[in-house]
Amino acid sequence: METRVGVCNLCEAICGLRLTVEDTGTGPRVTGIRGNPDDPLSRGHLCPKGVALADVYDDPDRLRRPVRRVPSPDGDPAGDRWEEIGWDEALDLVADALAATINRHGRDAVAVYLGNPNVHSLGSMTHGTALVRTLGTRNRYSATSVDQLPHQLLAHLMLGHQLMLPVPDIDRTSYFLVFGANPMASHGSLMTVPDFAQRLRDLKARGGRMVVFDPRRTETARVASEHVFVRPGTDAHVLLAMLQVLFADDLVADVPAYAEGVEAVRLAVAPFTPERAEAASGVPAETIRRVAHELAAADRAVAYGRVGISTHPHGSVCVWAITLLNVLTGNLDREGGAMFTSPAIDVVGTGLVGRGHVGRWASRVRGLPEIGGELPVAALREEVETPGEGQVRALLTVAGNPVLSTPDGAALDAALPGLDFRAAIDLYVNETTRHADVILPPTTLLERDHYDLVFHTLAVRNTARFTPAVLPKDPDARHDWEIYRDLALRLVARLDRKPPLRRRLALEARLRLSPRTLVAGLLRRGRSGVTLKKLLAQPEGVDLGPLEPGRLPGALQTRDRRLRLAPDLVLADCRRLDEAAAPEPDGLLLIGRRHQQDCNSWLHNSVRLTKGRPRHQLLMHPDDLADRGLADGDRVRIASRVGAVETEVSASDSMMPGVVSLPHGFGHGRAGARMSRAEAVDGVSINDLTDGERLDVSGNAAFSGTPVTVEATGAP
């Protein structure tokens, strides 16, 4: 038995671990996981998901060898079975089918979907992008357009790079204004903040306040200094009204000389008065004015918004307004405000991740513009179903489950069997990969090296950490980067139109470098003085200090090092909001929610994470139940424009009247999936109700505020 240092990469908190590894006679096994108190960022914190890392490794349902679908002799898909095959055969099957599709129908006939775990995997970050570029398709989709695309779009438009995202300096702020975020459950999102609960206690101990706007009294709202209910989909009205107050009441601080567009901002927000915001949102005008004054008067303040403001039809306006609140109150790039990291590997400054772009191409059916090289995932189904030149005929999914994770998932589920070929790189036969012809399973986190390229860039403190694999991989297993490498090289060899020889040789040389080797090189390019040798000697991580003020304008990635406060695209969307009809006052609006024990859709096969009190119910305010003749515990039918589901309802005064909530990531048990524990977990998929026609100007799905009806099961 020995203790090894590890990391949890399941969410953005990237907590450091101490793992007990024991030789059980059949090989080493992890028998205990706890937080690492020596980790300079997470400081010993660990949530229930991290403890369950070993469950994924030990899961008997997890695929350990490639499998291919063997069709039923009678042609009925229900009788299909899975057959294990060797790696060479599996990779050849996938490369043959993808190359044949490209050679016959063009590169855009292949689509690729990247799920959330890709950004949490070092191998996906270093080698997965090369595979996508080799495919050369414009039909690229990912979880980005599910919940965060407005943030990346505004970072690109205002600061010059899609990952130049301001991070709240929560450890030094005195006023923390939060819209639509629940870091008590998420541990931060686009803000890597492990042990948020202790950091909040520290904030309050130094006399600070946290004010939360949310349509549900979330875990975060319950511990806030103040919680304000806001009608889903109306956050933009409230945020713009706060900006209007700053101008009207002469509260705007000295704007940095490197910023431009203040007058255009003033004119754009002038129509959005607090009284108008109250009518739309339910937030009293006096509350809006008071909070705006408090934000401006605080010695150190920061505004922050996340999924709740990203996922409605004006998400980009919300993200823009949050950034402007920080700029116009003098809290951008200052201690206690919205700051920027100085990571050991700078994915922004080095160009490791591209700056981003807008509208270089558009989707075939709806003409939706690409953002940062991706199309909105809400367009995937129609690109599969609509005949014509450029129709998607083959799909590769990588660590994703879009049937449960993307809007109108039931319709996508129905469309997938119509593809000529489907392949997946995934650990499980889930609700999406059950449609695949071949599945290529990578190793688990415990078996591979890890460095967080993105989340060190979004953390509330500057740290660096490289974590070697905790367990050895099976000799016949493949890391994800090895799958990407071997598939990309096979694909190039089979294409009729091959890249020039020089590019092919460069690709092969690049793909044959391991992620560890690439990390070593990237560290040498940095200015921190951190080397791979130093990180290997300190696997708990190296502390590089608090976030530093004064990064701007030098760190700006705009061509002229100017901060653009008034992007045309967002000003136009403000006009669209100004002209929009007022929301219906009496209907029900559906929002999602997350729990600390859930990780999107893929950890429900862990017994320890799914035991205890059920958490799948529809939450509804008692008054809304009474108005419909319903009672707590009744089984109800929830219907939207695109679909309907049935589940139990739970009375909860944590809900704003007129708002109901279902959790994200549920809805297992579909025929053909092979996740035995998940299939026994009650619950329905919220995305069988969300509408792929409701999009933000960025193309992000507008999940929040879906109009629904709720009635007793069997009601006329």
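A helix here is a DSSP run of type H or I with at least four residues, and helices are numbered from the N terminus. With that in hand, look just after helix 12: Gly282 takes a positive phi of about 85° there. Please keep in mind that this is a predicted model.

Now step back into the helix itself. Helix 12 covers residues 274-281, and Ser281 belongs to it. Is Ser281 buried or exposed? Ser281 is buried, with a relative accessible area of 1%; the cut-off for buried is under 20%.

What is Ser281 in contact with, once neighbours within four places in sequence are left aside? The contacts are Val230, Arg231, Thr234, Val238 and Met656. Take Thr234 from that list. Thr234 and Ser281 are 47 residues apart along the chain, yet their C-alpha atoms are separated by 5.3 Å.

The buried residues of helix 12 are Pro274, Ala277, Ala280 and Ser281. These cover an arc of only 120° around the axis, so they sit on the same side of helix 12. Among the elements that cover them are helix 10, residues 235-248, and helix 13, residues 285-297.

Next, the strands. In general, strands of a sheet pair through backbone hydrogen bonds, and the pairing is either parallel or antiparallel. In this model, 6 strands form a closed barrel in the order 25-29-26-28-27-30, and the pairing is mixed. On average, neighbouring strands of this sheet are turned by 45° against each other, direction ignored.

Strand 27, residues 635-639, and strand 28, residues 644-651, run antiparallel and are joined by 5 bridges. Arg635 has Glu648 in strand 28 as its bridge partner.

Finally, the whole chain. How many helices and strands are there in the protein chain? There are 26 helices and 30 strands. Along its principal axes, the C-alpha trace spans about 70 × 70 × 55 Å.

Buried residues make up 60% of the 716. The chain exposes about 26200 Å², and carbon and sulfur atoms supply 49% of that area. Of the contacts between residues at least 6 apart in sequence, 74% join residues at least 24 apart. The pair Ser281 and Thr234, 47 residues apart along the chain, is where we came in.

Note on methods
Residues are numbered from 1 along each chain as its sequence is written. This is a predicted model: local features need pLDDT of at least 70, side-chain atom pairs count only at pLDDT 80 or more; totals for chains, interfaces and linings use all residues. Side-chain values use heavy atoms; hydrogens and water are left out. Two strands pair if DSSP finds at least two bridges between them. Helices (H or I, at least four residues) and strands (E, at least two) are DSSP runs, numbered from the N terminus. Axes are lines fitted to C-alpha atoms, for helices over the stretch in contact, and angles run from 0 to 180 degrees between N-to-C directions. Buried means under 20% relative accessible area, exposed over 50%, partly exposed in between (1.4 Å probe, protein chains only). Contact means heavy atoms within 4.5 Å. Accessible areas come from the Shrake-Rupley method with a 1.4 Å probe; for residues, only the protein chains shown count as cover. The arc is that of the directions from the helix axis to the C-beta atoms.
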